[in-house]
Amino acid sequence: MTLDQIAEHAEVVGLSVRGAFHPRPEDGVPALDTGSVETLVLLGWTGGRQWPAFAASHEAADGALHPLDRWSARVIDAMANEFSAVALYPFGGPPYLPFQRWAQRGDTVFASPLGIYVHPVHGLWHSYRGALGFAQRLALPPLARVVHPCESCAAKPCLNNCPVGAFTLAGYDVERCAAHVRSPQGTACRQGGCLARRACPVAPDKAYGSQEAGFYMKAFLAAH
């Protein structure tokens with residue numbers, strides 16, 4: 001088994017390999033019944049490429065709660081069975097597994113002023129849906145050395161395009177954001193996604209379509 005084989009399978013089922021690493025004790029990766037996880041492979045989405053796979057699923061249409069999490073669990077559980085791995089998820093807690101820490105170990109991502117990780121290729125338009133833990137120590141390519149995209153962005157349009165100033169260098173005012181998105185004035189955010197996020201100049205061509213963006217906003221409002 002190789003990382004390329006895992007990546008090929010992931011693409012077929014509507015996912016993408018989002019990095020991989022050999023865990024250390026401080027990474028907080030749960031142990032297997034037979035010992036430690038020697039390789040952790042992150043799985044997720046990049047841009048809007050994988051949205052159609054979920055949108056066509058029965059989870060997306062059945063009206064039950066948490067459709068994307070249920071779709072992710074079904075697909076990644078099947079991959080875990082195929083590759084004799086253990087499936088791990090960023091949802092289902094508390095407690096929650098440290099996927100943000102894992103993303104920094106296995107992928108080229110950086111903290112952005114919005115608090116979302118920015119990727120040099122995918123910008124702010126990516127996510128992690130789960131991970132596969134392997135008992136084997138798979139061969140992995142080295143992480144690419146890239147510059148933090150936000151360091152050369154003097155204008156920081158992400159901080160200047162929120163209609164209610166919910167994002168500042170001091171942090172994110174989630175209640176102000178949610179109140180605006182619910183209001184009549186929040187139609188643009190509610191239907192097309194966060195305007196501050198869309199203002200990021202990194203990979204604007206990877207931005208989510210209106211259907212996907214609206215789905216996330218609906219989930220955001222349900223949680224707040």
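## Helix α1

In this predicted model, helix α1 spans residues 3–13, and its buried residues are L3, I6 and A10. Viewed down the axis of α1, these buried residues fall within an arc of 60 degrees, so they line one face of the helix. The face of α1 turned away from the buried side carries D4, E8 and V12, which are exposed.

Just after α1, residue G14 adopts a positive phi of about 95 degrees.

## Residue D107

D107 is located in the loop that lies between α5 (99–106) and β4 (110–111). Its relative accessible area is 10%, and because the cut-off for a buried residue is under 20%, D107 is classed as buried.

When residues up to four places away in sequence are not counted, D107 touches R18, H119, Y128 and L143.

## Residue F220

F220 belongs to helix α9, which comprises residues 210–223. With a relative accessibility of 15%, F220 also counts as buried.

Leaving aside neighbours within four places in sequence, F220 is in contact with Y172, V174, C177, A178 and V181. F220 and R190 are separated by 30 residues in sequence, while the distance between their C-alpha atoms is 9.7 Å.

Conventions
Residues are numbered from 1 along each chain as its sequence is written. This is a predicted model: local features need pLDDT of at least 70, side-chain atom pairs count only at pLDDT 80 or more; totals for chains, interfaces and linings use all residues. Side-chain values use heavy atoms; hydrogens and water are left out. Buried means under 20% relative accessible area, exposed over 50%, partly exposed in between (1.4 Å probe, protein chains only). Helices (H or I, at least four residues) and strands (E, at least two) are DSSP runs, numbered from the N terminus. The arc is that of the directions from the helix axis to the C-beta atoms. Contact means heavy atoms within 4.5 Å.
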